Amino acid sequence: MVSKLEATLGEVAFVEGPNGLGLIEVKNSAGTATIALQGAQLLSWAPVGEKPVIWLSGKANYLKGKSVRGGIPICWPWFGPHPEEPSHPAHGFARNLDWEVAGTKSLTDATQVVLRLIPNEISWPYPSELECRIKVGRTLEMDLITRNAGLEPFTMGCALHTYFEVGDVRTVEILGLEEAFYIDKVNGGKKRQSGPVTVNSEVDRIYLDTASDCLIRDPGYNRTIRVEKEGSRSTVVWNPWMEKADKMGDLGDKGYLNMLCVESCNAADDVVTVPPGKSHRLSVRYSILA
Ligand code: BG6
């Protein structure tokens with residue numbers, strides 16, 4: 001462990017969070033972040049001098065085996081409910097397990113943290129390795145790499161389920177999904193987006209066949225967040241709105257007004273078949289437009 005730390009002395013600290021959850025705190029001249037070992041879940045990120053970009057609920061429960069409300073939970077190896085087994089955990093199991101630190105590295109104006117998970121055969125019958133590379137600086141870059149270490153191909157879904165902090169979601173516009181078709185999980189059916197996405201009631205949509213960057217234009221905070229992605233052709237937009245947020249209990253009073261999920265996914269018809277010995281990489285880069 002010590003040798004992994006040497007290269008990043010002063011930039012990376014391992015601390016104990018609420019209920020004994022292991023946390024990694026990253027701080028460098030360009031930005032700060034907190035990463036939970038459980039789920040390799042990024043809990044916070046802010047470039048120096050900026051408001052937090054990633055939303056974390058003030059009412060989050062920090063419980064072993066349960067992803068924290070907010071941040072960037074990693075959904076893997078399926079997105080949403082399990083396709084056949086309703087008793088399996090929603091969004092897969094990777095977000096509920098402790099990952100191992102594979103290394104940390106000091107880069108020019110950024111710090112890299114690499115976490116690894118080797119699923120056991122009880123949770124996932126296919127030999128595989130999962131790696132999450134997180135680069136913290138003025139931008140935040142995340143790679144989620146799925147390697148097939150077995151002899152059979154397998155099909156998996158995944159997502160970086162990113163909660164963005166916004167001034168007031170009712171004034172936000174998401175650009176980049178114009179004309180895309182989406183599955184409407186609130187009202188049912190498949191629809192086509194017209195113009196920017198806006199949120200004035202519950203929204204839960206899987207946008208299909210889209211590899212586009214998204215821009216989150218937020219007049220409340222007077223900023224625009226850019227989300228660039230590779231290895232993904234589906235994007236989820238989610239806000240539970242008031243009634244559902246109340247039922248969830250860990251979103252906080254009016255929390256739904258300050259958050260918006262724009263998730264870079266391999267979901268719905270965009271699940272990926274990984275041949276033996278090969279890997280799939282989902283990469284996302286977050287930045288604030290100058
Ligand atoms: C979104 C889904 O990605 O995650 C929603 O599209 C779901 O349907 C939401 O409600 C939150 O999921 P969870 O399991 O973290 O409460």
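Biologist: Which ring does the charged end of Lys-51 sit over?
Modeller: The charged end of Lys-51 sits over the ring of Tyr-221, 4.8 Å from its centre. To count, NZ of Lys or CZ of Arg must be within 6 Å of the ring centre and within 35 degrees of the ring normal. Lys-190 lies over the face of Phe-181, at 5.9 Å from the ring centre.

Biologist: What are the numbers based on?
Modeller: This is a predicted model: local features need pLDDT of at least 70, side-chain atom pairs count only at pLDDT 80 or more, and totals for chains, interfaces and linings use all residues. Residues are numbered from 1 along each chain as its sequence is written, and side-chain values use heavy atoms, with hydrogens and water left out.

Biologist: OK, ring pairs. How many aromatic pairs?
Modeller: The count is eleven aromatic pairs. Rings of Phe, Tyr and Trp (its six-membered ring) pair if their centres lie within 6.5 Å; planes under 30 degrees apart are stacked, over 60 edge-to-face, the rest tilted. Trp-78 and Phe-93 are edge-to-face, at 6.0 Å centre to centre and 75° between the planes.

Biologist: Are those two buried or exposed?
Modeller: Trp-78 and Phe-93 are both buried (under 20% relative accessible area; exposed is over 50%, partly exposed in between; 1.4 Å probe, protein chains only).

Biologist: Which residues do ring pairs link into a cluster?
Modeller: Trp-76, Trp-78, Phe-93, Trp-124, Tyr-126 and Phe-154.

Biologist: And Tyr-182 with Tyr-207: what are the distance and angle?
Modeller: That pair is tilted, with 4.9 Å centre to centre and 45° between the planes. Both Tyr-182 and Tyr-207 are buried.
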